[in-house]
Amino acid sequence: MGKETKVSELVEKVQAYHPTGDVELIRRAYDFSAKVHAGQKRLSGEPYLVHPMAVAGIIADLKLDVPSIVSGLLHDTVEDTLTTLDEVKSVFGAEIATLVDGVTKLSRVNFTSREEKQAENFRKMILAMANDVRVILIKLADRTHNMRTLDHLPVEKQILTAQETLEIYAPLSHRLGIAWIKDELEDLALKYLHPEIYYQLKRNVAKKKAAREKYINEVISIITKKLEGEGMDAEVTGRPKHFYSIYQKMESQNLLYDQIYDLVAFRILVDTVRECYEALGVIHSHWKPVPGRFKDYVALPKPNMYQSLHTTVIGPYGERMEIQIRTQEMHRVAEEGIAAHWRYKESKDFQFNEIQRFAWLRQLIEWQQNLQDPQEFLHSIKEDLFAEEVYVFTPKGDLLNFPKGSTVIDFAYRIHSEIGHHCSGARVNGQLLPLKYLLRSGDTVEIITTHQQTPSRDWLKLVKTPRAKSRIRNWLKAQQRERSVLLGRQILESDLSRHKLDYAALRREGRMESIAKELGMKDEETLLASIGYGKVTPRQALTKLVPAEKLEPGRKQEEGTLERLFRLVSGQKRDFGIKVKGVEDVLLRFARCCHPLPGEAIVGFITRGRGVTVHVTSCPTVLESDPQRKVEVSWQDNGQTPRPIKIEVSCIDRPGLLAAISAAITSAEVNIARAQVRTFPDQKALNTFEVMITNSDQLKRVLRNISRVKGVKKATRAKG
């Protein structure tokens, strides 16, 4: 009976928006999922089936088709049970099997790091999304229910999941235009990443609930009467902003909760575009608009198809009010996003006709094809998902959108890679401007190129778009590789000549290519590059050509290249608690750009003459480095030497707060090496502490302690 009630509720929800849907298929999928998940429990102690049922319910809230609902019910069967994809295909068909496969995580593949696993999971989703965007909608439903039930996971897992949600899934839902999922994911992520801030906001919002509702009703009444007076029939609503948007405002403007006034957003829904602008005129004639806060997303829609007029006015009691004005159709798109553009056909097939309108989605697919390095791919995705947009024109009048902060170099690479490589400046609105010029909405840009101009590493600091960064990095890596190939060839030719061997002849005979394959290299060029980088010794190639007894008989086995380059002088060895795979006694140093700590994911890079430099895998410098120079490194158990780490604390400037922050640091059994205090107008302060930290867990504990101090707005690890 219980089962029938649950399934009937789901079926009823689907039939409400899709009366001709194959609901029998939903029942079959429920029975199949119940059978294969039988006996499995969630960490909450509930039967596992609760999760796929909840996911299917969220998919129905998005008003998707029956195959999507069925895929929601089956999405964990391949990953978490003995069910195979072929079995799903044979029972439910190829379409549903493809959707399930797109959502299934790569949990059965061994990855070198959590970042790589995250990147490859996301890459797989994007590949599937290229063919069928429903994959990502099902995944968003899955993530939404997981976030709703995150309480039952260990704290560390909660933080990792919430961070990933905030970095990828919330902005992705925003890009797809699904406002309600974005808001819920952001609020839930805030709850687990900054619980003290979340619950404080919750208490503050609840405290003023009665006054806020009175204010909302009063403003709605005024707006409705004014619009009716102009002959407009409009639907006016008001709602408190969600917690994360309040938190963002507090962070960006360095404000306390009591200092934020526009905590309520009002919405006016009308029938036509003309009425949108008429309603705007009524609002501005009644209340004074705040300069610079008007946005016309009706004439210039956002990349996620969002359309609305935004304005902020000085409303009743002198308080700022944010007002959004849109048509009913615009509102449907704003709430449902990409899901609002699905269309049913007579044959009950599910078709999406407007995918081409999502230019950013095509870019996402292009990046996953071009960016092979997992960290670079993930970094690019995160950067793009968070970007605000500026709109600029080409000389021909075509409108292009870019992330806020983009320069003319980004524009050049958007036109063509070769134009980007040789970009020396630009003519913006008829005025000659340098490469560092930041694009502004409305600019008309014409790129100037010279053959002598080529990319430099400094360009990476100027560009904002993943496309430009990828092209510049690829160019720099290609140049670095060319130099290493040339050096490797010189080294190898020198060693070959000592044994009366001719490199050119060996190459013509195909011997160099076969030696490269024997040594596990892709081709001869990769072998030469590896010798040039110092990853492979010429002797390893010679052993394939010269008998062992002729390779300087009597001499002890030559050390590997890393040992030869970086063997430490006696007495210089320091124990950093780092192990380099396959190498002993290597000269090590920690990168100053990211200051790795025990417990963090790390990677090493060969630096000629300076040994191996250890970075955090997420460090931007890693993305710019040639993968050929990468070596595997890991923490040893004894890596417990304290190192100086800088912490920045933004707070209000009040007596005793510095002492309270110092006490919070020392309570985590951490010493303060030095401190710097800077005060600003409006009772704001920025404190920088250099503390001696042993590992990443200790750093998290320190930041958590500081965040709990009353008056502290934000505590973060300083960059560089």
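Are tyrosine 198 and phenylalanine 243 buried or exposed? Both residues are buried in this predicted model. The protein chain has 720 residues, of which 52% count as buried. Its secondary structure comes to 30 helices and 23 strands. Among contacts between residues at least 6 apart in sequence, 65% join residues at least 24 apart.

**Aromatic pairs**

- Nine aromatic pairs are found in a search of the whole structure.
- One of them joins tyrosine 198 and phenylalanine 243 in an edge-to-face arrangement, with 5.3 Å from centre to centre and 80° between the planes.
- Tyrosine 198 belongs to helix α12 (residues 195–207) and phenylalanine 243 to helix α14 (residues 243–253), so the pair ties together parts that are 45 residues apart in sequence.
- Tyr198 and Phe243 also form one aromatic cluster together with Tyr199.

**Packing of α19 and α22**

- Helix α19 (residues 408–415) packs with helix α22 (residues 466–498) at an angle of about 80°, and the two axes are 9 Å apart.
- The angle makes α19 roughly perpendicular to α22, because angles of 65 to 115 degrees fall in that class.
- On the α19 side the contact is made by Ile409, Asp410, Tyr413 and Arg414.
- On the α22 side the contributing residues are Arg467, Ala468, Arg471 and Ile472.
- By residue type, the contact of α19 with α22 divides into four nonpolar and four charged residues, with no polar ones.

- Strand β9 (residues 389–393) pairs with strand β10 (residues 399–403) in the antiparallel sense, over five bridges.
- Glutamate 389 has proline 403 of β10 as its bridge partner.
- Five residues lie between the strands of this hairpin, and glycine 397 there takes a positive phi near 95°.

**Valine 133**

- Valine 133 is located in the loop between α8 (114–131) and α9 (134–148).
- This valine 133 counts as buried because its relative accessibility is 4%, where the cut-off is under 20%.
- Valine 133 and glycine 102 are 31 residues apart along the chain, and their C-alpha atoms are separated by 10.0 Å.

How values were computed: Residues are numbered from 1 along each chain as its sequence is written. This is a predicted model: local features need pLDDT of at least 70, side-chain atom pairs count only at pLDDT 80 or more; totals for chains, interfaces and linings use all residues. Side-chain values use heavy atoms; hydrogens and water are left out. Axes are lines fitted to C-alpha atoms, for helices over the stretch in contact, and angles run from 0 to 180 degrees between N-to-C directions. Helices (H or I, at least four residues) and strands (E, at least two) are DSSP runs, numbered from the N terminus. Angles under 35 degrees count as roughly parallel, over 145 as roughly antiparallel, 65 to 115 as roughly perpendicular and the rest as oblique. Contact means heavy atoms within 4.5 Å. Ala, Val, Leu, Ile, Met, Phe, Trp, Tyr, Cys and Pro count as nonpolar, Asp, Glu, Lys and Arg as charged, and the others, Gly among them, as polar. Two strands pair if DSSP finds at least two bridges between them. Rings of Phe, Tyr and Trp (its six-membered ring) pair if their centres lie within 6.5 Å; planes under 30 degrees apart count as stacked, over 60 as edge-to-face and the rest as tilted. Buried means under 20% relative accessible area, exposed over 50%, partly exposed in between (1.4 Å probe, protein chains only).
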